[in-house]
Each structure stands twice: as C-alpha cells, then as structure tokens.
Amino acid sequence: MTKIEKALSDLADKTLKESGMSTIPVPVTKIAEFYGFSVFEGLLNEGESGLILVSDTKIEKYNSNKIIMINHEEAEVRKRFTIAHELGHYILNDKPTQCYAHRETGKSDFEEIMANSFASYLLMPEKYLKKYVVRLRDEWFDKIPDDFLIYSVSRQFMVSKDAARVRLTKMGEI
C-alpha cells in the first residue's frame with residue numbers, strides 16, 4: 001500500500017470512527033447526515049453520477065446548506081459509492097463550510113482518483129474486509145475462486161463487483 005493509499009485508508013477509518021458507524025454494509029447516507037448533509041436523488045445530466053454543494057446559507061429548494069445529489073437512474077451500489085465519493089471530496093478538502101461545489105462527471109483526474117479511493121476504503125474498511133476474506137478462505141479451504149470472492153464481497157459490502165475487484169486487487173487478495 002502506498003503512503004497516499006495508507007493516508008486515505010486511515011482517513012476513511014477516522015471518518016467511520018468519528019461518525020460512530022461500525023456496521024457492514026457501511027450506512028453511508030447516515031455518515032453524510034452526520035456531517036450535516038441532506039442526500040437527494042434526482043435526474044442529472046448524462047454521465048453525471050452526483051454532486052456536492054456546501055453553502056454558507058440555506059439552499060431554499062432543499063432546505064439545507066449542505067447537499068449531496070445522486071443520479072436516481074443508477075444502481076443502488078453505484079448510488080452508495082457516489083455518496084461516499086462526494087463525501088471524499090468534502091473530507092479531502094478539509095470540510096469546507098461555505099461556497100464549495102463539485103460535480104462528478106466521470107473524468108479521472110487526481111482529485112477524482114483520490115475521492116474514488118476514499119470511497120472504496122470507506123465502504124470496504126480494511127479490518128472488516130480482511131476479516132471477511134479470511135472467513136471465506138477458511139470456509140473454502142483457501143480454494144475460493146476469484147469471481148466468487150468478488151461476488152461475495154460485493155454482496156456483503158453492497159458495492160459493485162468492479163469496486164470489489166479493485167479493492168481486492170489492491171489488497172493482493174486476487
């Protein structure tokens with residue numbers, strides 16, 4: 001694990017601890033609410049999964065000064081990842097209190113990569129994921145097929161199979 005990845009993992013763990021969330025699947029909407037966000041689903045432009053907005057005044061239409069909007073047309077696992085991703089932007093930008101906005105457009109610049117990694121660590125915390133993988137490997141006598149491991153992790157942690165594959169690959173499990 002690189003120093004950056006370790007820092008992101010530690011930050012995700014700190015976020016879980018700070019918000020008092022310790023269950024799997026991670027209740028990502030409750031974490032957003034802990035930080036004062038209202039989460040809404042709506043119709044976003046094609047290719048947009050979510051956006052985050054922090055204002056120093058209440059946004060009347062939403063009766064809140066902090067909102068995360070997710071694309072209602074996406075799968076539930078994608079919505080969860082998007083909420084975690086947008087929280088990543090918020091936390092990685094030192095929790096701005098005013099005039100902050102970000103729209104996720106699917107581009108892969110450094111900021112997006114960091115928010116994606118944070119989301120992955122938040123939704124699949126290292127200690128819980130390792131414990132789960134060890135249990136599955138014990139049950140399968142260390143002969144668990146990679147595809148089944150990916151599928152099992154995606155179901156247990158309510159993430160996409162792609163997110164589970166990336167996380168398990170980074171851990172060296174597949």
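Colleague: What makes the approach of the Ser19 side chain to the backbone oxygen of Leu16 a polar contact?

Modeller: In this predicted model, the backbone oxygen of Leu16 lies 3.2 Å from a polar atom of the Ser19 side chain, and the limit for such a pair is 3.5 Å. The backbone oxygen of Thr15 also meets that limit, lying 2.9 Å from a polar atom of the side chain of Ser19.

Colleague: Why is Ser19 called buried?

Modeller: Ser19, which lies in helix H1 (residues 3-19), has a relative accessibility of 8%, and because buried means under 20%, the label applies. Leaving aside neighbours within four places in sequence, Ser19 is in contact with Ile31 and Phe34.

Colleague: How do you know that Phe148 and Tyr151 form an aromatic pair, and what makes the pair tilted?

Modeller: By the rule for ring pairs, the count comes to seven aromatic pairs. In the pair of Phe148 and Tyr151 the rings are 6.3 Å apart, centre to centre, with 40° between the planes; since the centres must lie within 6.5 Å, and planes under 30 degrees apart would be stacked while those over 60 would be edge-to-face, this pair is tilted.

Colleague: Where do these two residues, Phe148 and Tyr151, sit relative to each other in helix H6?

Modeller: Phe148 and Tyr151 are three residues apart in helix H6 (residues 146-157), so about one helical turn separates them.

Colleague: Why are Phe148 and Tyr151 called partly exposed?

Modeller: The relative accessibility of Phe148 is 33% and that of Tyr151 is 38%; buried means under 20% and exposed over 50%, so values in between count as partly exposed.

Colleague: Why do Phe141 and Asp142 count as exposed?

Modeller: Phe141 has a relative accessibility of 69% and Asp142 a relative accessible area of 58%, and because exposed means over 50%, both residues receive that label.

Colleague: Which peptide bond is called cis, and on what grounds?

Modeller: The bond from Ile24 to Pro25 is cis, with omega near 0°, whereas most peptide bonds are trans. Pro25 is found in the loop between H1 and helix H2 (28-34).

Note on methods: Residues are numbered from 1 along each chain as its sequence is written. This is a predicted model: local features need pLDDT of at least 70, side-chain atom pairs count only at pLDDT 80 or more; totals for chains, interfaces and linings use all residues. Side-chain values use heavy atoms; hydrogens and water are left out. Helices (H or I, at least four residues) and strands (E, at least two) are DSSP runs, numbered from the N terminus. Buried means under 20% relative accessible area, exposed over 50%, partly exposed in between (1.4 Å probe, protein chains only). A polar contact is a pair of N or O atoms within 3.5 Å; within protein, one must be able to donate a hydrogen and the other to accept it, and residues adjacent in sequence count only if both atoms are side-chain atoms. Contact means heavy atoms within 4.5 Å. Rings of Phe, Tyr and Trp (its six-membered ring) pair if their centres lie within 6.5 Å; planes under 30 degrees apart count as stacked, over 60 as edge-to-face and the rest as tilted.
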